Amino acid sequence: QQQQQQQQGGTSLPQRASSHGCGGDDFVLTPEMEAVLVNFLVRMAFLIGESQDKDADMQALHAHTLKLLSQALALFPHISVKLSAFLERLLQAQAAKSPMPALLTGWEVLSRALDTQPHLLARNAGKEFVMLLSPCFKLRQQHVVALMCSVVRKLFTLQPWQEQSPRQVAAQAQAAAAAAAAASDQQQQQQPGLVVP
């Protein structure tokens with residue numbers, strides 16, 4: 001089967017065995033090895049992303065690495081994606097570039113992780129989301145903003161954000177409405193000559 005895949009020119013991750021206790025000669029990764037594989041692909045995606053704007057071959061390799069990452073995350077959805085250890089240093093090192101390569105790759109990685117592990121990512125990646133959001137407020141590149149918006153949209157449509165009780169949702173809606181009303185009253189007081197229809 002591997003020879004057939006090589007002849008067809010496709011490269012993909014092998015299908016994972018159904019369990020660690022299965023018979024036969026199939027090699028099964030340990031949880032530690034799964035974590036190493038996933039986070040190796042994450043780091044490779046960031047490394048290749050730094051030079052993809054200069055070389056068409058690197059662009060293709062970057063896209064292929066992200067595809068492999070998606071496959072790995074689908075195979076091992078329980079493995080947490082780790083970004084904070086090096087993402088902050090990358091963003092600082094690339095501050096002079098616009099847009100920063102690490103910014104684009106970061107949103108791509110989070111988007112793929114949200115597709116396969118929404119509960120795990122929403123619980124563990126809050127710091128990473130903040131680090132990626134902050135530089136986006138200064139950018140004017142539409143493709144970066146569109147990528148950011150697509151990830152944020154996923155956050156609000158996936159299951160982790162629907163686990164609140166109806167009472168919590170109603171309380172949050174009331175608090176938001178009260179805050180909006182207070183802000184509106186304050187604005188009218190500051191501008192007494194403004195007529196609001």
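Start by selecting Cys149: at 34% relative accessibility, Cys149 counts as partly exposed. The scale runs as follows: buried is under 20% relative accessible area, exposed is over 50%, and partly exposed lies in between (1.4 Å probe, protein chains only).

Before moving on, note that this is a predicted model, where local features need pLDDT of at least 70, side-chain atom pairs count only at pLDDT 80 or more, and totals for chains, interfaces and linings use all residues. Residues are numbered from 1 along each chain as its sequence is written, and side-chain values use heavy atoms, with hydrogens and water left out.

Cys136 is buried, with a relative accessible area of 6%. A disulfide is a pair of cysteine sulfur atoms within 2.5 Å. By this rule the count is zero disulfides.

**The whole chain**

Now show the chain as a cartoon. There are nine helices and zero strands. Helices (H or I, at least four residues) and strands (E, at least two) are DSSP runs, numbered from the N terminus. Buried residues make up 31% of the 197 residues.

**Helices α4 and α7**

Select residues 84-93 for α4 and residues 126-136 for α7. Their axes come within 10 Å and cross at roughly 10°. Axes are lines fitted to C-alpha atoms, for helices over the stretch in contact, with angles from 0 to 180 degrees between N-to-C directions. The two helices, α4 and α7, are therefore roughly parallel to each other. That label covers angles under 35 degrees; over 145 is roughly antiparallel, 65 to 115 roughly perpendicular, and the rest oblique.

Show side chains next. On α4, pick Ser84, Leu87, Glu88 and Leu91; on α7, pick Lys127, Glu128, Met131 and Leu132. These residues make the contact, meaning heavy atoms within 4.5 Å.

**The largest nonpolar core**

Select Phe46, Leu83, Leu103, Trp107 and Phe129. Of the 40 residues in the largest nonpolar core, these touch the most other members. Such a core is a set of buried Ala, Val, Leu, Ile, Met, Phe, Trp, Tyr and Cys residues joined through side-chain atoms within 4.5 Å. Which helix gives the largest share of this core? Helix α5 does, with eight residues.

Finish on Phe129. Leaving out residues up to four places away in sequence, Phe129 touches Trp107, Leu110, Leu114, Leu121, Val151 and Leu155.
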